[in-house]
2 protein chains.
Amino acid sequence: MWGMNLNRNLDISLKRQIYQNLRDQMLAGTLKAGDPLPSTRELAKALSVSRNTVNEAYEMLIVEGYAESRQGAPTRVAEGLILNRERNDAAGTRREPEAAPLILADFKTGQPDLRLFPRYVWQRAFQKALSGMPADLLGYTGPQGLLELRQEIASWLMRSKGIAVDAGDIFITAGATQALHLVSDLLYAEHQFMLVEDPCNIEMIQTFIRKGYTVVPVPVDAQGIRTETLCKGQPGPVYVTPSHQFPLGGILPASRRTALIRFARSCGSYIVEDDYDSEFRYYGEPASPLYAMAPERVIYIGTFSKVLFPALRIGYVIVPRELQKRWRRLRTYTDVQNPPFEQAALAEFLRTRTFDRHITKMRKIYKQRRQILLDSLGDCFGDGWRPWGDAAGLHLAVEFDGMVFNDAFRDDARRNGIRIAPVEHHCLRKGEHHNKLLLGYGHLEPEDIRSGIYRLREFMKQAKDS
Amino acid sequence: MWGMNLNRNLDISLKRQIYQNLRDQMLAGTLKAGDPLPSTRELAKALSVSRNTVNEAYEMLIVEGYAESRQGAPTRVAEGLILNRERNDAAGTRREPEAAPLILADFKTGQPDLRLFPRYVWQRAFQKALSGMPADLLGYTGPQGLLELRQEIASWLMRSKGIAVDAGDIFITAGATQALHLVSDLLYAEHQFMLVEDPCNIEMIQTFIRKGYTVVPVPVDAQGIRTETLCKGQPGPVYVTPSHQFPLGGILPASRRTALIRFARSCGSYIVEDDYDSEFRYYGEPASPLYAMAPERVIYIGTFSKVLFPALRIGYVIVPRELQKRWRRLRTYTDVQNPPFEQAALAEFLRTRTFDRHITKMRKIYKQRRQILLDSLGDCFGDGWRPWGDAAGLHLAVEFDGMVFNDAFRDDARRNGIRIAPVEHHCLRKGEHHNKLLLGYGHLEPEDIRSGIYRLREFMKQAKDS
């Protein structure tokens, strides 16, 4: 009847089913402008539903303008409704992702060991934060982030890196990626250069490229960015990782730090300091941030992704005061603010020093893993390799004699169950670092490191022979 | 001794105090390039600390390149360190915010009643989500969002609005603002027009303006966007609120919906449908989304900010398939993904239908408050006013005879304890709606509504007289 089959087993109400059916017929032109709809009594009987149900369906059609009713006259189909189906060959074809080969040796970088995260303590901090949260924190509280978290971060920066930061200069972000996205907006001007380390984290650089910057690569050596090659003809912000250069691992020496700051001052621009993993230094203290030397010239980006876990999505930025007003506006129009729960839980985690204890514990474990990696490399490759950079972080850059690592090598390794990135992958100017690989080890158990390096050696032998 | 005062009551270690003090002297030039540092024995004695403490401080200076040591020779200050203080008059001046006047009648829009949110049930959902969460969700899980949440949203869209959406077409965002920010990026091309309702939510439009669109205002009447004024000479995406026009409140009639879709098809562009509060309709069912009529042409934005609470920062977008690949990339480079906890808790909230019950409860309460608002307006303003739009949402647009509401009125009201927005504030072309005010009522208790309207009347009288 009326081309309608009602299904009483659906989660969707009968009135809505009637409404949708009639609507679809109107849009398709089966019911034409001016056509009368059946009386509610008639349709209710035909469909074995209550008259009220049909009344409500008609009401929906009338309110949304599909049908018109005039007193005493039958409800009729409104004008101008026909909408043919659009041919769209692109739609509807969604390819299944190819089955990825099994990974037997996983040297991906930037990955903390999630199994060792103190889940139970975190849950308790979270619960405490949830139950103690005042109702107004459920509303909008502004783009800067929870005050108590910013105060705890300031205190952490003081006790771990010895820098005095006012909580009012700290801005919480949804992780370091968002921080860079916002910084990229903040510093943008037309035809603006962005000076970046080469090699660098190539994913992060995409943010600048997408924004429209002309990215200028500045070479890196074992100590970090080669400041003597900075050129005043290409002025602009400089994006650096001075505490532990990604990917090569150097700690930027003091004289280059001062040179960098002088450069920024001379061209009136800023330094973007990405401190992605300096908490994990295995000999000595974490390096002191550039920020401490020139707070008015440095935008400092910190993150909790490596120390706690990536899905936390909390980072922070220390913003020079003359940029803070613009930062607030930018964040407001980007996504307003972080949710409050993780922020309050993290504040509690910092306040109770659970955070500090977790870092101390993980530093020991990562240090051991790093040593196991170095030992395994020695066992498998003899004298044919050299490590780069400082004893820090969750990955190691390794140079191998007489090797050329490129995208083909990476893909081939992947097919052989090894996930590993050549340093070349992160190079803007190709050909300078083709004999180096990046080995992420933070997330690997000792046995996985050993078997992984063994597997890598077998694969490299085979790749050389073929 | 050596200009150093160690403070044993600080949270910062003695070795770091020594390191910082010497570093600062080097940067200031008090200690010059080539100057020898005191022997560790000598300094340890002078400062009454262990020799090991001084050793560690020197080690930090050496590793970071502030000092150089050669075997048998004293440790010396490195070259090229002097860094004068930069004069920066803008820095350091941070003004205290002006004391805001007390708000006695708060008609701000888009504000749910946070006191009525079922905190305890939410906490339990959160705790369940926390304790049941597999460890791999602590790592990166991709830009689309938690599958179980997307499935629950699909099921909710089916039972509440009768639309069938594949969970694979739903993308979780950090709220509707971020959704619009991403959409703005997604659809951008140079010299691109963006067609928007006028009036519209002026804050949301900022996102398009900041991105670089040429924003084209399209007039709105009591039913919504006037599609007959759309002009093919200015093709581009159209940003609309068809379920409950913001701010005027119309539900877009079916014939205009089809016209809108025909327009988008004819110029090969998209419709951005912002469904910010359609869950709250007080007579009849929520309006059916435009999306249901042309899934290949409509980008649908949904949010939980109004139904649950703004700080949740979860929204979602239904993305046409041919745009999904680009969406994934965009989100990845913007902030990667949402944190998993809120997503899992919300999925649980939806699964158990706590969500549906909360909406039912709030719909009743908001409906009562709306009626109280209408009654109070009648009591205070007699025949001199008319409500606009459909009985829906958390605010009401009201036209007052013979009034002109502008920014001056708003500021003056604010000084008199009344927070209220003229519709003109949200107009791109000024002068069409100067006799209308927006009254947000969702968050107000009946008594606050009554006393607020009374206060508004008194203020308007006084404003008219002066």
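Start at Thr173(B): its bridge partner in β11(B) is Gly315(B). This is a predicted model, so take what follows as a reading of that prediction. The Thr173(B) bridge belongs to the pairing of β4(B) with strand β11 (residues 315-318) of chain B, which is antiparallel and runs over four bridges.

Now step back to the whole sheet. It's an open one with eight strands and mixed pairing, and in chain B the order goes β4-β11-β10-β9-β8-β5-β6-β7. The edges are β4 (170-173) and β7 (224-225) of chain B, each with pairing on one side only. Lying across β4 and β11 of chain B you'll find helix α9 (residues 324-334), at about 20° to β4(B).

On to the aromatics. Searching the whole structure turns up 51 aromatic pairs over all chains. One of them is Tyr188(A) with Tyr213(A), an edge-to-face pair at 5.2 Å centre to centre and 85° between the planes. The two tyrosines sit 25 residues apart: Tyr188(A) is in the loop between α6 (175-186) and β5 (193-198) of chain A, while Tyr213(A) is in the loop between α7 (202-211) and β6 (214-221) of chain A. Tyr213(A) has a relative accessible area of 6%, so it counts as buried, whereas Tyr188(A), at 28%, is partly exposed. Tyr188(A) also has Lys211(A) over its face, 5.3 Å from the ring centre.

Chain B has a charge over a ring too: Arg297(B) lies over the face of Tyr270(B), 5.6 Å from the ring centre.

Finally, look for one aromatic cluster whose members come from both chains, among them Trp122(A), Phe309(A), Trp122(B) and Phe309(B).

How values were computed:
Residues are numbered from 1 along each chain as its sequence is written. Chains are lettered from A and ligands numbered from 1 in the order in which they are written. This is a predicted model: local features need pLDDT of at least 70, side-chain atom pairs count only at pLDDT 80 or more; totals for chains, interfaces and linings use all residues. Side-chain values use heavy atoms; hydrogens and water are left out. Two strands pair if DSSP finds at least two bridges between them. Contact means heavy atoms within 4.5 Å. Axes are lines fitted to C-alpha atoms, for helices over the stretch in contact, and angles run from 0 to 180 degrees between N-to-C directions. Rings of Phe, Tyr and Trp (its six-membered ring) pair if their centres lie within 6.5 Å; planes under 30 degrees apart count as stacked, over 60 as edge-to-face and the rest as tilted. Buried means under 20% relative accessible area, exposed over 50%, partly exposed in between (1.4 Å probe, protein chains only). A charge sits over a ring if NZ of Lys or CZ of Arg is within 6 Å of the ring centre and within 35 degrees of the ring normal.
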